[in-house]
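User: I'd like to learn how to read aromatic pairs in a model. Can you walk me through some?

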Amino acid sequence: MPNADQNDILFERARAVIPGGVNSPVRAFKAVGGTPRFIRRAEGAYFWDANDKRYIDYIGSWGPMILGHGHPAVVEAVQKAVLEGFSYGAPTEREIELAEAILALVPSMEMVRLVSSGTEAAMSALRLARGATGRKHIIKFEGCYHGHADALLVKAGSGLATFGHPTSAGVPPEVTQHTLVLEYNNIAQLEEAFALHGNDIACLMIEAIAGNMNFVRATPEFAQRCRDLCTQHGALLVFDEVMTGFRVGLHGAQGVLGITPDLTVLGKVIGGGMPLAAFGGPRAIMEQLAPLGPVYQAGTLSGNPVATACGLATLKEIARPGFYEALSKKTQSLVEGLKAAAAAEGQPFNADSEGGMFGFFLMNELPQNYATVMTTDNAKFNALFHGLLDRGVYIAPALYEAGFVSAAHSDDDIAATIEAARQIFKASGPR
Ligand code: KE4
């Protein structure tokens, strides 16, 4: 009997005790089909599955592992921290150090509150915006994901600038009735929404480089319009930089675009792979938070001493001169190589990247919104995904997810990835 596939065995066991066999839906491979790989260990740019098969990892835990897995300085910092204790439920100096490090790199923030997940950070920023403005309505965009807080699990209503409907069971329509869902990069809709509801809008929340519809940039005009209309109507501009923060550049998407948001949501990279996220902004807004102000927000493991040690060690490495230049160059070489391989095989393809984050589309245009992204041929994407997986290259198991390069990815890894893709483009025949 050939070696039973250990991933199949583990997946069957997992599905008996964990819904869908996973603790986060995208990991289940439902969008691409097949058996998820159960990862045993990771090192540098690689991880190994239950069959001890090695993959070049372009997920990087969905963004956090910007240094690669097991960076010595980070491992050392975490090992030292755990010997001092796992969690105290009391303030620590290291939380101050991490807060100071974040504020030094995010000039739009005067204060920051640490939490344990991006969902918690976005949910808290939303409550703070509503509390600080005394307003109920919020704006989000189709294709942007801000975690699974009820008010943010919303799809567009019918017609322009209408209030959204829940995308999930268990979310009462009363909770989403104040959420306007607009089309990304659609200035006309944005202006209409503010014309109709401007003075009731607490905040506009956006991924300024949207990694949850693979990789779609807000146009500079659209981003500036978001900023100007928020200012004009007294709404808060909230940049969800959970994915882009310290990933697309040392100063995030706000640094790339040159836009100053009122609140910023961070996560992923700032925890270095440990559960840590944050939200922050001007002192006048942040001091509305408990224990100073009327907006309640709390967390047992907020600012956890082991997570803050991991985050601090990570930020120290990425702040080194030349880090992002080298990372951007590597990511660009991947994207340009993939484009050239697809073109050589006559396959429609386009791609984009910023810093250590990239996205690609099986079409010649670069989509400007979610509807266009979703015209992608699912079967073609799935064939590419599994073809790469079989060749030891692990990209996101869903066409609407971005990809991530780490400082540990070598030129050989990039070249091997491009060659693997070229073989698949060739095998998929003329378009
Ligand atoms: P978490 O609660 O998953 O830590 O963060 C939620 C979140 C908030 N904002 C943005 C822009 C995000 O991308 C995320 C989470 N990203 C997904 C991947 N697209 C995490 C992967 C998953 O859900 O398992």
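Analyst: Here is a short tour of ring pairs. This is a predicted model, where local features need pLDDT of at least 70, side-chain atom pairs count only at pLDDT 80 or more, and totals for chains, interfaces and linings use all residues. Residues are numbered from 1 along each chain as its sequence is written, and side-chain values use heavy atoms, with hydrogens and water left out.

User: How many aromatic pairs does a search of the whole structure find?

Analyst: A pair of aromatic rings is described by the distance of the centres and the angle of the planes. Rings of Phe, Tyr and Trp (its six-membered ring) pair if their centres lie within 6.5 Å; planes under 30 degrees apart count as stacked, over 60 as edge-to-face and the rest as tilted. The search turns up 16 aromatic pairs. Take Y55 and Y394: the centres are 5.9 Å apart and the planes at 85°, so this pair is edge-to-face.

User: Where do Y55 and Y394 lie?

Analyst: Y55 is in strand β3 (residues 54-57) and Y394 in strand β17 (residues 393-394), so the pair ties together parts 339 residues apart in sequence. Strands here are DSSP runs of E, at least two residues, numbered from the N terminus.

User: Is Y55 buried or exposed?

Analyst: Buried means under 20% relative accessible area, exposed over 50%, partly exposed in between (1.4 Å probe, protein chains only). Y55 has 0% relative accessibility, so it counts as buried, and Y394, at 9%, counts as buried too.

User: Which cluster do ring pairs form?

Analyst: Ring pairs link F29, F47, Y55, F385 and Y394.

Terms used: Helices (H or I, at least four residues) and strands (E, at least two) are DSSP runs, numbered from the N terminus.
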